[in-house]
Amino acid sequence: ILGLMQLFLGNSCRFIAKPCAISLGIQDSGPHRAQPNAILEKVFTSITKSPDGKRLEGLSKQLDWDVRKIQRWFRHRRNQDKPTTLTKFCESMWRFTFYLSIFFYGIRFLWTAPWFWDTRQCWYNYPFQPLTSRLYYYYILELAFYWSLMFSQFTDIKRKDFLIMFVHHLATIGLITFSYMNNMVRVGTLVLCLHDASDFLLEAAKLANYAKYQRVCDAFFMLFGVVFIVTRLGIYPFWILNTTLFESWELIGPYPSWWLFNGLLVTLQVLHIIWSYLIIRTASKALVQGKVSKDDRSDVESSSEEEDVTSNSTKGVFSTSSNGSNRLNGHVAGGQWTGE
């Protein structure tokens with residue numbers, strides 16, 4: 001199934017996402033490329049991609065270049081290998097399609113499930129609960145998707161929240177696998193559906209950002225923030241953790257895997273709190289100041305020329321890269337795109 005998903009990803013990007021991006025005016029052009037220089041290229045590939053002050057001074061004397069010019073060269077060189085806006089648009093469209101489809105599939109399936117309306121039903125007759133075909137495919141699709149995210153994280157640009165995202169994917173895969181092996185699929189479907197409720201809104205905001213529909217992007221992000229906080233800080237602890245911590249203990253007792261299962265669920269809640277803080281902080285800055293600073297997780301760095309131009313001006317909610325397009329690898333400036 002993981003292989004089929006990767007095949008579908010490739011075809012959807014080629015035949016659907018790419019034509020949509022081109023029709024919206026998104027060009028397949030990368031950041032400004034560094035001018036060829038054998039000495040700097042050798043340092044970049046063999047020694048360091050971010051030289052310190054002492055090395056910069058040495059290179060400045062060797063090349064008779066200004067230190068600022070050398071810094072600009074390394075900045076451009078780091079950026080030129082990174083994905084284009086078109087590539088990121090295709091990736092976000094793929095994720096948007098999956099999140100939206102799996103969310104509506106989960107809602108349609110759970111609407112007629114008794115444990116959706118009464119969480120105590122998750123533990124009646126446990127572990128002798130039937131595994132229907134719809135439950136099975138729901139679980140397998142979610143598991144394959146998160147495995148694909150786990151693998152792609154090591155091939156994508158490494159961001160500063162790499163460790164947090166790695167823990168998130170690891171905890172999610174562990175929960176899906178563990179709950180399936182222990183036939184806790186009823187409560188597992190509730191967790192999956194709840195997490196999918198806000199993810200497609202974030203991807204929609206990214207798509208609008210890449211297409212430069214600023215107001216649409218801001219609206220989707222604000223909606224995402226509200227849904228994320230309500231579901232992750234409200235519904236999740238009072239609905240999911242309540243049934244796994246207390247109702248399960250009351251109905252079936254302290255089963256051997258109770259501590260591990262709930263430990264993973266609590267780990268997710270800790271991540272929810274961290275991301276909610278980032279969302280609230282970014283939204284507050286946007287509302288109070290009318291702008292936010294550049295995202296530390298951005299995979300494309302500002303050029304020196306851009307720094308000179310923007311140091312005394314306001315660029316709105318999103319910072320703009322040196323070639324004029326919003327280039328934040330799926331993440332809004334100032335942390336507006338959180339780790340999800």
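W258 is buried, with a relative accessible area of 7%. Its ring pairs edge-to-face with that of W259, at 4.6 Å centre to centre and 85° between the planes, while W259 itself is exposed at 61% relative accessibility. The model is predicted. The protein has 12 helices and zero strands, and 51% of its 340 residues count as buried.

**Overall build**

- From the N terminus on, the order of elements is α-α-α-α-α-α-α-α-α-α-α-α.
- Among contacts in the protein with a separation of 6 or more, 79% are between residues 24 or more positions apart.
- E91 belongs to helix α5, which covers residues 85-110.
- E91 is partly exposed, because its relative accessibility of 26% falls between the limits of 20% and 50%.

**Nonpolar cores**

- In soluble globular proteins, nonpolar side chains tend to be buried together.
- The largest nonpolar core in this model has 57 residues, and L110, W115, Y236 and F261 have the most contacts inside it.
- Helices that each supply at least two residues of this core are α5, α6 (114-117), α7 (133-155), α8 (162-181), α9 (185-210), α10 (214-252) and α11 (258-289).
- Helix α9 provides the largest share of the core, 13 residues.
- Another core, of 10 residues, lies apart from the largest one and includes V43, F44, L59 and F74.
- L110, leaving aside neighbours within four places in sequence, is in contact with W115, F116, W117, T189, L190 and C193.

- S179 lies in helix α8.
- S179 is buried, because its relative accessible area of 2% is under the 20% limit.
- A polar atom of the S179 side chain lies 2.7 Å from the backbone oxygen of L175.
- Beyond neighbours within four places in sequence, the contacts of S179 are Y139, M184, V185 and F261.
- F261 is also one of the residues with the most contacts inside the largest nonpolar core.

**Cysteines**

- Zero disulfides are found in a search of the whole structure.
- C90 is buried, with a relative accessible area of 8%.
- C122 also counts as buried, at 3% relative accessibility.

**Aromatic residues**

- The whole structure holds 25 aromatic pairs.
- The pair of F103 and F104 is edge-to-face, because the ring planes stand at 65°, with the centres 5.5 Å apart.
- F103 is buried, with a relative accessible area of 14%, whereas F104 is partly exposed at 48% relative accessibility.
- A single aromatic cluster is formed by W94, F98, Y99, F145 and Y146.
- K69 lies over the face of W65, at 4.3 Å from the ring centre.

**Backbone features in loops**

- Y126 and P127 are joined by a cis peptide bond, with omega at about 5°.
- P127 sits in the loop between α6 and α7.
- N125 is placed in the loop between α6 and α7.
- N125 is not a glycine, yet has a positive phi of about 60°.
- N125 is exposed, because its relative accessibility of 61% is over the 50% limit.
- K212 likewise has a positive phi, of about 65°, although it is not a glycine.
- The position of K212 is in the loop between α9 and α10.

Technical notes: Residues numbered from 1 in each chain as written. Predicted model: local features only at pLDDT ≥ 70, side-chain atom pairs only at ≥ 80, totals over all residues. Heavy atoms only, no water. Helix = DSSP H or I, 4+ residues; strand = E, 2+ residues; numbered from the N terminus. Buried < 20%, exposed > 50% of the residue type's maximum accessible area, 1.4 Å probe, protein only. Core = buried A, V, L, I, M, F, W, Y, C linked by side-chain atoms within 4.5 Å. Contact = heavy atoms within 4.5 Å. Polar contact = N/O pair within 3.5 Å; in protein donor to acceptor, adjacent residues only side chain to side chain. Disulfide = S-S within 2.5 Å. Phe/Tyr/Trp six-rings, centres within 6.5 Å; stacked < 30°, edge-to-face > 60°. Lys NZ or Arg CZ within 6 Å of the ring centre and 35° of its normal.
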